[in-house]
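Dear colleague,

I am handing over a structure for you to look through, and my notes on it follow below. Please keep the structure open beside this message while you read.

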Amino acid sequence: MTALCEVCEERPPRFGLGFPLSPNALPGLPDYLRGECLWICTQPECDLAAQRRAVKAAARSGIKLTKVWRVHVFDEPQFKE
């Protein structure tokens with residue numbers, strides 16, 4: 001996981017957005033994209049930009065992406081030290 005959002009590079013990431021790891025989840029997905037994700041913050045514009053990147057990456061492989069996968073959702077810390 002990156003230290004900052006991979007889109008805005010300003011805030012800590014809260015989740016990954018990308019592609020499934022399972023080979024049967026998205027038939028035709030090339031191996032180099034399988035399980036890949038962008039670590040992004042909760043800003044709507046970062047989420048939309050990451051979705052656009054995922055759609056473009058899938059399209060380059062001839063796949064029409066109909067949904068994105070959100071993985072590794074991290075909650076806010078319950079307390080601060």
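Among the elements of the protein, which has the lowest mean pLDDT and which the highest? Strand S3, residues 69-71, has the lowest mean at 81, whereas H1 has the highest at 93. This is a predicted model, and the protein as a whole averages a pLDDT of 85, with 88% of the residues scoring at least 70. Where pLDDT is low, the predicted coordinates should not be read in detail.

The core comes next. The largest nonpolar core holds 18 residues, and Leu17, Phe19, Leu26, Leu29, Ile40 and Leu65 are those with the most contacts inside it. At least two residues of this core come from each of strand S1 (15-18), strand S2 (37-40) and helix H1 (44-60), and H1 gives the most, with five residues.

Helix H1 itself has 17 residues and reaches 25 Å from its first C-alpha to its last, which is close to the 24 Å expected at 1.5 Å a residue. Its buried residues are Cys46, Asp47, Ala49, Ala50, Ala54, Ala57 and Ala58, and what covers the buried residues of H1 includes S1, S2 and S3. Just after the helix, Gly62 takes a positive phi of about 80°.

Asp47, placed in helix H1, has a relative accessible area of 11%, and because buried means under 20%, Asp47 counts as buried. If its neighbours within four places in sequence are left aside, Asp47 is in contact with Phe15, Leu17, Ile40 and Arg70.

Arg34 is another residue to look at, and it lies in the loop between S1 and S2. Its relative accessible area is 15%, so Arg34 too is buried by the cut-off of under 20%. Which backbone oxygen lies 2.5 Å from a polar atom of the side chain of Arg34? That oxygen belongs to Leu29, while the backbone oxygen of Ser22 lies 3.2 Å from a polar atom of the Arg34 side chain. Leaving aside neighbours within four places in sequence, Arg34 is in contact with Pro20, Leu21, Ser22, Pro23, Leu26 and Leu29.

With best wishes

Note on methods. Residues are numbered from 1 along each chain as its sequence is written. Side-chain values use heavy atoms; hydrogens and water are left out. A nonpolar core is a set of buried Ala, Val, Leu, Ile, Met, Phe, Trp, Tyr and Cys residues joined through side-chain atoms within 4.5 Å. Buried means under 20% relative accessible area, exposed over 50%, partly exposed in between (1.4 Å probe, protein chains only). Helices (H or I, at least four residues) and strands (E, at least two) are DSSP runs, numbered from the N terminus. pLDDT is the predictor's confidence in each residue, from 0 to 100. A polar contact is a pair of N or O atoms within 3.5 Å; within protein, one must be able to donate a hydrogen and the other to accept it, and residues adjacent in sequence count only if both atoms are side-chain atoms. Contact means heavy atoms within 4.5 Å. The expected span of a helix is 1.5 Å times one less than its number of residues.
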